[in-house]
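Thanks for coming, everyone. Please look at the structure as I talk, and follow along residue by residue.

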Amino acid sequence: MKKILVTGGAGFIGSAVVRQFINDTDYAVVNVDKLTYAGNLQSLASVSNNPRYHFEHVDICDAAELVRVFREHQPDAVMHLAAESHVDRSISGPAAFIQTNIVGTYTLLEAARNHWNGLDAKRKSTFRFHHISTDEVYGSLGETGFFTEDMPYEPNSPYSASKASSDHLVRAWHHTYGFPVVTTNCSNNYGPYHFPEKLIPLVILNAVSGNPLPIYGKGDNIRDWLYVDDHARALRLVLERGKLGETYNIGGWNEKTNLQVVQAICSILDELHPQGAPHNKLITYVTDRPGHDQRYAIDANKIARDLGWKPQENFESGLRKTVEWYLTNDVWVQGVTSGEYQHWVQTNYTNRSAA
Ligand code: NAD
Ligand code: DAU
């Protein structure tokens, strides 16, 4: 049985990856997560009692703790998702992004390389470090064209600059030390268990509560949306079959303006949650995000051609599933909106400091 060390497994995409590995494969998973505001163990409730799942409450900037985790668990691969991920937070407070996304990635790379150096020849040859990154490193597109793997990097926000830095570190560790890495750069994810600071879950929950639906600027910025389980399936494929040192772009071929996304959510809610319809009367135009990238669009031909991946959901099917999930998962939603989801962190920090 193979064991994967997943960082950020209590986050939105990380938890989808962990659930998929535990439910659909016989891999064991060690989830290394600091449980920031974005980490939520309730997203892993369906797998947390599985004997193949193990949780480590660890900060990826803590070198000594990482050495312990690698020594104790002896993973066969790392999937690195831990990050500060929200662009607006990176604008109001970039420090945590520099720390986790750059220093944390460096610290993790060194702990993983140290572990890899100690493996026997067979395990050393199959070990993988999979770095999960974003299409935002490529900057902003005009009206035409797509992000391909060979585009120059032009990150525009503190978030994307910190992710670009981490991509470069991973690339350098491969080039300099022969460390076995693969990198993926994905477009905007959406789906269940998404923290409601991001556009889609924020709009769903605000609309259900009759609160304003904030649209930055004119609402004409374009994002390329991918259902989170499709991303998780792509990540597994890249981990298992991706070529060392290569980058794979992952996207859903689903370009939408933000206004189109919000209108689509409102239409689904008008049908499934008719109280408050028409929900689009809540749309409120607000001040634009500083440096707001105009358009992202991924060319996902390489991963389709080389690894045979294609998304299972289109935007309509995935968005309907997502809205239905938020309407029927009160425990998770209430846990997040009330702050109760941080209970584990509060209890364990209290216990540790009392000890
Ligand atoms: P998220 O914010 O939902 O989750 C991040 C997770 O990382 C949380 O569980 C958090 O507790 C953990 N974490 C943060 N700092 C940590 C630290 N110092 N040590 C250990 N754990 C820490 O993020 P997400 O949306 O699931 O994104 C996951 C990864 O995918 C990120 O690297 C992000 O850049 C990338 N990505 C996200 C998207 C997207 O649309 N959400 C798209 C492309 C790429
Ligand atoms: O492209 C991949 C990236 O997608 C990931 O790397 C990031 O981690 C992830 O957060 C996401 O970044 P975005 O900035 O695109 O996602 P967000 O949901 O914050 O915003 C989506 C679009 O909606 C963006 O153009 C800004 C706009 N927006 C966002 C919010 C929160 C609004 O108009 N109103 C809002 O209230």
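Let's start with two helices. From H2, Ala 63, Leu 66 and Phe 70 meet Thr 107, Leu 108, Ala 111, Ala 112 and His 115 of H4. Contact here means heavy atoms within 4.5 Å. By class, that contact has six nonpolar residues, two polar and no charged ones. Ala, Val, Leu, Ile, Met, Phe, Trp, Tyr, Cys and Pro count as nonpolar, Asp, Glu, Lys and Arg as charged, and the others, Gly among them, as polar.

A word on the ground rules. This is a predicted model, where local features need pLDDT of at least 70 and side-chain atom pairs count only at 80 or more, while totals for chains, interfaces and linings use all residues. Residues are numbered from 1 along each chain as its sequence is written, chains are lettered from A and ligands numbered from 1 in the order written, and side-chain values use heavy atoms, without hydrogens and water.

Back to the helices. H2 covers residues 63–73 and H4 covers 95–117. Helices (H or I, at least four residues) and strands (E, at least two) are DSSP runs, numbered from the N terminus. At what angle do H2 and H4 pack? About 35°, with their axes 9 Å apart. Axes are lines fitted to C-alpha atoms, for helices over the stretch in contact, and angles run from 0 to 180 degrees between N-to-C directions.

Next, a sheet. Three strands form an open sheet in the order E7-E9-E11, with mixed pairing. Strands pair if DSSP finds at least two bridges between them. E7 (188–190) and E11 (255–257) are the edge strands. E9 (residues 222–227) pairs with E11 in the antiparallel sense, over three bridges. There, Ile 222 has Thr 257 as its bridge partner. Helix H8 (residues 228–241) lies across E7 and E9, at about 70° to E9.

Now the aromatics. The structure holds 22 aromatic pairs. Rings of Phe, Tyr and Trp (its six-membered ring) pair if their centres lie within 6.5 Å; planes under 30 degrees apart are stacked, over 60 edge-to-face, the rest tilted. Phe 127 and Phe 179 make a tilted pair, 6.2 Å centre to centre, with 40° between the planes. They sit 52 residues apart. Buried or exposed? Phe 127 is buried, at 0% relative accessibility, and Phe 179 is buried at 0% too. Buried means under 20% relative accessible area, exposed over 50%, partly exposed in between (1.4 Å probe, protein chains only). Finally, Trp 116, Phe 127, Phe 129 and Phe 179 form one aromatic cluster.
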